[in-house]
Amino acid sequence: RPENPRLLETIVQQEPERRHRLAVFVDSGVAAARPGLVDEISAWAQLHAAAVRLVAPPRVVPGGETIKCDLGIVRDLLHSIARGGLCRHSFVVAVGGGAVLDAVGFCASLVHRGLRMIRIPTTVLAQNDAGVGVKTGINTDGGKNTAGTFAPPYAVLNDLEFLKTLPDEHWIGGTSEAFKVAILKDREYFEFLEAHAEAIPRRDEIVMEELIVRCAELHLEHIREGGDPFETGTARPLDFGHWAAHQLESLSGYRISHGHAVATGIALDTLYAARQGWISDADARRVVGALRRAGFSLWHEEMQQQGPDGRWALLEGLERFREHLGGRLCLTFPVGIGARREVHSVDTPVIAECVEQLRLFGRV
């Protein structure tokens, strides 16, 4: 809203005497759900013209993985930012889901070796995870985030009002990242998610707010205190469940959204941990049951897709992860609920058995 002071305060806090230049990009899904938003942004800039100047009208960009998969769109974004005459005292503002934040952030990080980026995440997944991270990325050569940068945002502004327009798929999908960090880091938080799992598909706003705030806190805590914010090592605990999730997204042509793919990856790796004796069967059932009650389908037909060699194509995700990590596989698995361990090899026949176990669980 034009009268909301938070964005203006964020922009002027370090240089209150400067008139700041801005480029604003809006997720097409958000623009469709909030038809007057682009005009509101223009009205806000006009109201505060003494402090800010839009270098161009707010631009609507494709939402979802489309923006990350199309190099033509990415190139056009890059040129648009460069042509705006922005400098390192200027700001790029992205309003949208995680994919838009990733792609716009990627381009902003390249112009003048990095412009000030303000993220305004509008989905559960973006507010509790993607929006508060230090990474950007686009998808190339059939892989997820194969090109990207480490570029911490200047600021992240969460507005829970945006969540009210989300379709159920994205309202539910973003909560998978909350389950991820809870299983690995915070047993009490997992117990909260477990106790309120049914409230998630009912769109309980109070539960969702608590879920997002704690999830974002845990992600920020890991980035700030985990000792490896730019991932120079091999351990990637925040990628728990993601080796399968990224592959599943690619196999489905990104029909399966990131959040729902992550839920499947979490369930799969939790079942594997139970087979290895790192988590009890009872706790593994608690994890899978909570995910199902939260509204996730943990089985997708793509999980049985075979490659040319007859192996399940899903297992190729392990090799993609190995490559991503510099040649040495390192996966994170739960030890009980609230702790974790890293391993450097997995028993692929057992992984295949866990895939079959998920198929038997069926759909929600």
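Is the crossing of H9 and H11 left-handed or right-handed? The crossing of H9 and H11 is left-handed, a term used if the near helix is turned anticlockwise from the far one by less than a right angle, right-handed being the clockwise case. Helices here are DSSP runs of H or I with at least four residues, numbered from the N terminus. This is a predicted model, in which local features need pLDDT of at least 70 and side-chain atom pairs count only at pLDDT 80 or more, while totals for chains, interfaces and linings use all residues. Residues are numbered from 1 along each chain as its sequence is written, and side-chain values use heavy atoms, with hydrogens and water left out.

The axes of H9 and H11 (residues 205-225) come within 9 Å and cross at roughly 60°; axes are lines fitted to C-alpha atoms, for helices over the stretch in contact, and angles run from 0 to 180 degrees between N-to-C directions. Contact means heavy atoms within 4.5 Å. Residues making this contact include Val181 of H9 and Leu218 of H11.

Helix H14 covers residues 281-293. Among its buried residues are Val287, Val288 and Leu291, where buried means under 20% relative accessible area (1.4 Å probe, protein chains only). The cover over the buried residues of H14 includes H9 and H16. Just after H14, Gly295 has a positive phi of about 110°.

The structure holds 0 disulfides, a disulfide being a pair of cysteine sulfur atoms within 2.5 Å. For Cys354, the nearest cysteine sulfur is that of Cys330, 19 Å away. Cys354 is buried, at 0% relative accessible area.

Terms used: Helix = DSSP H or I, 4+ residues; strand = E, 2+ residues; numbered from the N terminus. Expected span 1.5 Å × (residues − 1). Buried < 20%, exposed > 50% of the residue type's maximum accessible area, 1.4 Å probe, protein only.
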